[in-house]
Amino acid sequence: MDPIIRIKNISYTYPEGSRPALDGVSLDIMPGTFTAVLGSNGSGKSTLAKHLNAILLPSGGKVLVDGMDTIDEGNLLAIRRRVGMVFQNPDNQIVANVVEDDVAFAPENLGVEPAEIRRRVDAALQQVGMYEFRLHAPHLLSGGQKQRVAIAGVLAMDPEVLVLDEPTAMLDPQGRREVLRTVEDLCRRRGITVVLITHHMDEAARADRVLVMDAGRVALDGAPQEIFPQADALRALRLTVPDTTALLLRLRAAGMPVPAGALTPEDCAAAIWEALG
Amino acid sequence: MSLIEIRGLTHVYSQGTPFEKAAVRDLDLTLERGGTVGLIGHTGSGKSTLISHLNALLKPTAGTVLLDGEDIFASKASIRTARFRVGVVFQYPEYQLFEETVYADIAYGPKNLKLAAPEIDRRVREAAAFVGLDEGAFDRSPLELSGGQKRRAAIAGVLAMEPELLVLDEPTAGLDPAGREDLLEKLFAWREARDAAVLLVTHDMAIATRCDRLVVMAEGRIVLDGTPEAVFAHGDELASIGLELPEAANIARLLRDKGAALPSSLYTVDALAQAILALRGKGDAPC
């Protein structure tokens, strides 16, 4: 299988920037996978995300989406159809006065048939748990509800890749759970490729692969079970480890035979219970 | 006398329309000087509506808000006083920077207080130092700052008012773990130094574990109010209103369900690790 996104040694410096925001990043993203991107503020995570659907174009190197070079303007529409983005602040992403109109905005602009738009809008709103609010005014919704509408707006474009830049930063625990469940469901059941940028270690723990960015480069790349036990390396990169890992590392240091890679609370508790015998 | 005393507060949005919604219902709450109170609750539980009454941005539909025993809605003068004595940092305050320079932005509040120039200058420098904003940034446009610096500048603007109650709505959202920890430490240090009260509105249970007292809201009412230890012992109730336990408390609960003799008061990784190791010690002991 070919990667859906190929990134070949890209670099990028913002016009006002004194140092590159991306400095030689290469990676392939396989279709249907769930990748989490971690890194401190200013490490280049968001800059990387914006290269995935040609919002930013690399100063050096190449980004290929489904084989199409983002630098080629003729590919722009096709790339944006395949790769949808959801940003941190929903207020900047909502344009219409009625929820369902907002979700319909992108497919309308793509010239999708009205009946198909209706189907996509309803399905997208159901997937994010906002169907019952379809006739509400977005400005009267809470922040978490607005964010779910923004995600529905991207889903209505029927993308192959969903890139989310800290989509849960402002959501309450239930909103976070719903969004994460939606994102996981889109990946596991519908085969949508997910790239999730986050500061929440417990969200990254659910991914297939974790990338840790530092100073515009990929510092760590591997399965969450490999990455999170590296507590010292993560701390040096201004990150932390999930509480599950922190607990297991503490118990191991005290001589308890528990695996450091049991990342979910359920696995963690089971491992400890077994070790307690 | 309590710094803030809220009695029977009710706030109804869009009254008389199909969207009518009581966001806060007959709520009583007292806040004292000193200490950090965490206000937690599901989206739409009424937290933002509640805090908007503390500095008179919203007027109660019913009930009163007393600041040092005075009704803050009594007169225009009392409303103005409340705005000066209660500082509110809303979500993403970095979008609210508007002056030409960082210095002017931080000085905006103290200027409105009609303070003398040296006093304004002292406050600006002190507030910037508290949040860890370098004075080298003073002459720059707020737009040139990084996201983290903008957040600090915006918070400094409120600290420069030297409020007696500082309310922050999700102040650490979007910050990396090290930045989160750093900002929290600075806020705790500020509160200590000024003997002010801090009210932290948050969804982040890791932050909630650091507060002295937690107030939990659901559907416009306060449903739990106590120390983190007391509040986190109500795991089922928290789950039923869409909140979750801190991860350590959750793991402790899963272990208790399996039969481990762990107390319900554990909610930090440290305390849980110690309790588990103590259990192991018992298990190893000869019967």
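**Chain A, inside and out**

Modeller: Of the 277 residues in chain A, 51% are buried. Bear in mind that this is a predicted model. "Buried" here has a set cut-off: 20 or more other C-beta atoms must lie within 10 Å of the residue's own.

Start with the overall build. Chain A holds 11 helices and 10 strands. Its radius of gyration is 20 Å, close to the 19 Å that the globule rule gives for 277 residues, so chain A is as compact as a globular protein of that length. Along the principal axes, the C-alpha atoms occupy a box of roughly 65 × 45 × 40 Å. Now take the contacts in chain A with a separation of 6 or more: 61% of them link residues 24 or more positions apart.

Six strands of chain A form an open sheet in the order S6-S7-S8-S3-S9-S10. The pairing in this sheet is mixed. Its edge strands are S6 (83–86) and S10 (217–222) of chain A, and each of these pairs on one side only. On average, neighbouring strands of the sheet are turned by 20 degrees against each other, with direction ignored.

S6(A) pairs in the parallel sense with S7 (161–165) of chain A, over 4 bridges. To find the place, look for A:Val83, which stands opposite A:Val161 in S7(A). H6(A) lies across S3 (34–39), S7 and S8 (193–197) of chain A. Relative to S8(A), helix H6(A) runs at about 150 degrees.

How is chain A divided into domains? The assignment gives domain 1 as residues 5–241 and domain 2 as residues 242–277. The centres of these two domains of chain A, taken over C-alpha atoms, are 31 Å apart. Where they meet, 9 residues of domain 1 are in contact with 8 residues of domain 2. On the domain 1 side of chain A, helix H7 (201–204) and helix H8 (224–227) each supply at least two residues. That side has 7 nonpolar, 1 polar and 1 charged residues.

Now the partner chain. How many residues of chain A are in contact with chain B? There are 40, and they meet 37 residues of chain B. On the chain A side, the elements that give two or more residues are helices H5 (143–155), H6 (173–188), H10 (243–253) and H11 (265–276). By class, the chain A side has 18 nonpolar, 15 polar and 7 charged residues.

Last, chain B for context. Chain B has 11 helices and 10 strands. Its C-alpha trace spans about 75 × 50 × 40 Å along the principal axes. Of its 287 residues, 46% are buried. For contacts in chain B with a separation of 6 or more, 64% join residues 24 or more positions apart.

B:Ile6 has B:Val65 in S4(B) as its bridge partner.

Most residues other than glycine have a negative phi. B:Glu162 has a positive phi, near 50 degrees. It sits in the loop between helix H5 (147–159) and strand S7 (165–169) of chain B. With 19 other C-beta atoms within 10 Å, B:Glu162 is partly exposed. B:Asp195 has a positive phi too, near 55 degrees. Its loop runs between helix H6 (177–194) and strand S8 (197–201) of chain B. B:Asp195 counts as exposed, with 10 C-beta neighbours inside 10 Å.

Notes:
Residues numbered from 1 in each chain as written. Chains lettered and ligands numbered in written order. Predicted model: local features only at pLDDT ≥ 70, side-chain atom pairs only at ≥ 80, totals over all residues. Contact = placed C-beta atoms within 7 Å. Nonpolar A, V, L, I, M, F, W, Y, C, P; charged D, E, K, R; others polar. Domains from an automatic or database assignment. Pairing = 2+ DSSP bridges. Rg over C-alpha atoms; globule rule 2.2 N^0.38 Å. Buried ≥ 20, exposed ≤ 12 C-beta atoms within 10 Å, placed from the backbone. Axes fitted to C-alpha atoms, helices over the stretch in contact; angles between N-to-C directions.
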